[in-house]
Amino acid sequence: MASHQSQGFKAGETKGRTQEKTEQAVGTVKDKATEAKDRASETAQAARGHAQQTKDSAAQKTSETAQAAKERAGEAKDNTGSFLQEKTGAAKDKASDAAQYTKETAQAGTQKTGGMLSSAAEQVTGAAKGAVDAVKHTFGMAGAGDDPTADRD
């Protein structure tokens, strides 16, 4: 009988140690998943900030270039005779059109770049969330709506 009680005690003790180690492993996995999600979020935020800076910088440079072109065209007009005034007016219009085109092209490029970075950030965030859900599902901690095999949009 003592042998039977001893075996029962050892089995309970082993089960307790196993459960404790399992809980520690689950805790570690949760911590690592949370860290990965946080890093992905920080990376996405940094990408958005960089895209906004690039956009703002390009818009400022384009505006300065357009203003300088207008000023140079105006100075040239003031320094010439009536015949040259007509020619300068046409050059000013062309320079203004070119500056406007440059500005619009730069804005379109920055918007496209911002969209790509935003899309990349969303993909990284989605992947991190998927990893967290998969880990939860693997350890049986997933809720009713946490199915990692479900379609994500």
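Student: How many residues apart are R17 and E13 in helix α1?
Tutor: They are 4 residues apart in helix α1 (residues 2-78), so about one helical turn separates R17 and E13. Helices here are DSSP runs of H or I with at least four residues, strands are E runs of at least two, and both are numbered from the N terminus. One caution: this is a predicted model, where local features need pLDDT of at least 70, side-chain atom pairs count only at pLDDT 80 or more, and totals for chains, interfaces and linings use all residues. Residues are numbered from 1 along each chain as its sequence is written, and side-chain values use heavy atoms, with hydrogens and water left out.

Student: What do the side chains of R17 and E13 do?
Tutor: They meet in a salt bridge, 2.9 Å from N to O. A salt bridge is a side-chain nitrogen of Lys or Arg within 4 Å of a carboxyl oxygen of Asp or Glu. The count by this rule is 1.

Student: Are R17 and E13 buried, exposed or in between?
Tutor: Both are partly exposed: R17 has a relative accessible area of 43%, and E13 has 38%. Buried means under 20% relative accessible area, exposed means over 50%, and partly exposed is in between (1.4 Å probe, protein chains only).

Student: How much of the chain is buried?
Tutor: Of its 153 residues, 12% count as buried.

Student: OK, new topic. How many helices and strands are there?
Tutor: The protein chain has 2 helices and 0 strands.

Student: Which residues sit in helix α2?
Tutor: Helix α2 covers residues 82-138, and K129 is one of its residues. A98 lies in helix α2 too. K129 is partly exposed at 42% relative accessible area. A98 is partly exposed as well, at 41%.

Student: How far is K129 from A33 in space?
Tutor: From C-alpha to C-alpha, 8.6 Å, though they are 96 residues apart in sequence.

Student: What share of contacts links residues 24 or more positions apart?
Tutor: It is 63% of the contacts with a separation of 6 or more. Contact means heavy atoms within 4.5 Å.

Student: Last one. Where is E35, and how exposed is E35?
Tutor: E35 is in helix α1. Its relative accessible area is 43%, so E35 counts as partly exposed.
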